[in-house]
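Work through the exercises below with the sequence and the structure open beside you. Try each task before reading its solution.

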Amino acid sequence: MSTSAAPVGLVEILDAIAAATDPSAPCVIGPGERHLDWGEFTERRRRLAGFLHSRGLGCNRARHELGDHESGQDHLGLLLHNCPEYLEAMIGAFGARVAPLNVNYRYTATELVEVLGEAGVTAVIVHDALSAVLADALPELPGIRTVLQVADGSGAPLLPGAVRYEEALSAAPALPADVAPSPDDAYLLATGGTTGRPRAVMWRNGDAVIGCFDAAREAQPVEAFVERARPGLRSLPTAPFMHGAGHWTALRALLAGGTVVIPDDPERFDPAAIWSAVERHGVTLMLIVGESFARPLLAEFDPARHDASSLNVILSGGAPLSAATKERLLERLPTVMIVDGFGASESGGQMSIVSTAGSATSGVFRPRSAATVVLAPDRTRVLSPGDPTIGWLASTGRLPLGYLGDPERTRATFPTVDGVRYAVPGDHARLLADGSIEAFGRESVCINTGGEKVYAEEVEDAVLAHPAVRDCIVVGRVSDRWGSEVVAVVSLEAGCDAPGVAELSALLAERLARYKHPKSVIVVDEVRRSPAGKADYAWARSVSAEPA
């Protein structure tokens with residue numbers, strides 16, 4: 001794969017898209033009655049860039065002077081629910097040569113101190129409703145010198161020294177002409193921390209346009225983005241923008257000249273509000289995150305009450321989607337195409353499964369390009385098609401620079417093999433003879449039972465085929481006999497009885513070897529996941545360890 005052409009920066013592309021788009025065309029719709037057209041949105045994100053620059057925020061050292069784990073820019077933390085300001089802030093930050101960082105709005109003050117402090121955040125934009133927890137953290141964060149506060153109707157007072165977001169935009173000076181955003185400027189992506197400590201992955205924003213936002217498959221002139229624009233695209237990300245999949249999908253729509261739709265209730269996952277938004281705004285693409293989003297949407301959907309005829313694509317990213325659930329979705333929405341995406345913060349999009357009516361599958365993906373490979377277990381060579389070895393899913397081409405402030409982890413996750421730099425986020429995979437890739441899940445959730453490796457996501461997918469199981473997380477539990485035994489933590493569909501171990505084994509017999517079957521089934525009221533739909537494996541392990 002050639003990466004010789006220079007990538008184009010996100011702001012340059014969006015400026016060109018805006019210049020070629022009818023300024024009255026819808027850009028961001030919702031929540032509620034809020035509507036921003038392309039002219040308004042472009043003016044607002046440019047004003048924010050001017051404000052950030054006027055506060056002395058920007059780029060202090062050029063990229064070529066820095067190591068792969070170092071940033072020479074100021075960093076803007078985004079502590080917000082889904083809203084137009086989130087997207088204005090991301091793009092406005094790039095315009096001012098400030099690196100935006102997504103921040104989990106469920107963090108405690110202690111967690112904010114750790115995450116914002118380690119990331120070297122110097123400015124924050126926060127919703128009123130989240131300002132109290134930030135107030136508790138700020139005394140321990142002396143590096144933060146600018147706080148913008150977004151009104152949300154909660155009535156929270158303005159933090160000392162903070163500036164109202166709308167007032168900042170109204171009074172913002174124009175961005176000086178000599179402030180020229182660069183494709184080398186950083187985009188910071190905080191990992192979810194579901195399988196380990198959260199880290200900030202640092203991308204060049206020009207590479208993120210290709211690797212993360214999927215606006216192109218390779219670097220190309222800005223004119224090509226304009227020619228390929230799809231103003232009829234209406235994209236609804238149901239995931240929080242604080243999660244990569246959420247803002248990746250939103251930015252992809254904007255880079256295509258389309259419209260981003262935000263449901264009326266942006267603070268929680270509300271299936272009724274989502275289907276209402278699909279119908280009212282003619283949504284053509286909807287992002288979900290695996291089972292925890294798909295199943296409530298299925299339970300709510302009623303063709304007699306909801307018109308989803310505009311919907312062409314359901315994209316699932318960030319968590320696996322079972323074949324059984326895909327089949328149910330396609331039964332209800334037979335004209336929709338389901339794209340099950342696979343990727344990571346450290347690699348961008350890597351591969352996908354496309355399912356249409358009568359062809360729902362899971363577990364085996366098509367690589368996004370030749371840049372997605374499988375490395376040998378010792379990471380010394382690239383495996384050939386048909387090699388039965390289970391190795392490491394890896395990507396080359398447009399990759400992150402590394403982990404902010406962590407050179408050791410950067411070297412470990414981005415090794416060089418035969419002179420080629422790869423990203424190896426930690427997923428096990430096998431390269432099949434036809435070039436497709438069988439995914440087995442993260443090393444961190446792999447269970448070693450009786451000397452055999454069991455991949456949690458593989459068992460979860462099988463268990464979810466049981467009609468009584470609403471959601472499932474599979475973990476290992478200490479066992480005197482096996483070292484670690486497989487345990488399924490499940491929630492149930494309304495009115496259903498829990499399947500026993502023998503019943504599950506009968507269901508799994510044709511799909512999985514016996515050693516992969518759960519030795520125990522633990523029923524909970526609700527399987528715990530992050531707001532972005534990712535499984536909370538630490539919680540599931542604690543539940544499995546409790547006495548029955």
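**Exercise 1.** Which residue in S14 is the bridge partner of Ile 314?

**Solution.** Keep in mind from the start that the model is predicted. Begin with the two strands: S13 covers residues 313–316 and S14 covers residues 337–344, and four bridges join them in a parallel run. Within this pairing, Ile 314 has Ile 338 of S14 as its bridge partner. Next, follow the chain from S13 to S14, which takes you through helix H12 (residues 323–332), and this β-α-β crossover is right-handed.

**Exercise 2.** In what sense do S14 and S15 pair, and over how many bridges?

**Solution.** Strand S15 spans residues 348–355, and its pairing with S14 is antiparallel, over seven bridges. As background, strands of a sheet pair through backbone hydrogen bonds, either parallel or antiparallel.

**Exercise 3.** What is the order of the strands in the open sheet that contains S26, and which are its edge strands?

**Solution.** The order of this three-strand open sheet is S26-S27-S28, with mixed pairing. Its edge strands are S26 (469–479) and S28 (520–523), since each of them pairs on one side only. From one strand to the next, the twist averages 30°. Helix H16 (residues 537–545) packs on the sheet, where it touches S26, S27 and S28, and its direction makes about 65° with that of S26. Finally, S27 (residues 483–492) and S28 run parallel and are joined by four bridges, and Val 487 stands opposite Ser 520 in S28.

**Exercise 4.** Which residue caps the N-terminal end of H2?

**Solution.** Helix H2 (residues 38–54) has 17 residues, and from its first C-alpha to its last it reaches 24 Å, close to the 24 Å expected at 1.5 Å a residue. The cap is Asp 37, which has a side-chain oxygen 3.1 Å from the backbone nitrogen of Gly 39. Beyond the other end, just after H2, Gly 56 takes a positive phi of about 80°.

**Exercise 5.** Is His 81 buried or exposed?

**Solution.** First locate His 81, which sits in the loop between strand S3 (75–79) and helix H3 (84–95). The relative accessible area of His 81 is 7%, so this residue is buried, the cut-off being under 20%. Leaving aside neighbours within four places in sequence, the residues in contact with His 81 include Tyr 105, His 127 and Pro 266.

Conventions. Residues numbered from 1 in each chain as written. Predicted model: local features only at pLDDT ≥ 70, side-chain atom pairs only at ≥ 80, totals over all residues. Heavy atoms only, no water. Buried < 20%, exposed > 50% of the residue type's maximum accessible area, 1.4 Å probe, protein only. Contact = heavy atoms within 4.5 Å. Pairing = 2+ DSSP bridges. Axes fitted to C-alpha atoms, helices over the stretch in contact; angles between N-to-C directions. Expected span 1.5 Å × (residues − 1). Polar contact = N/O pair within 3.5 Å; in protein donor to acceptor, adjacent residues only side chain to side chain. Right-handed = clockwise from strand over helix to strand, strands pointing away.
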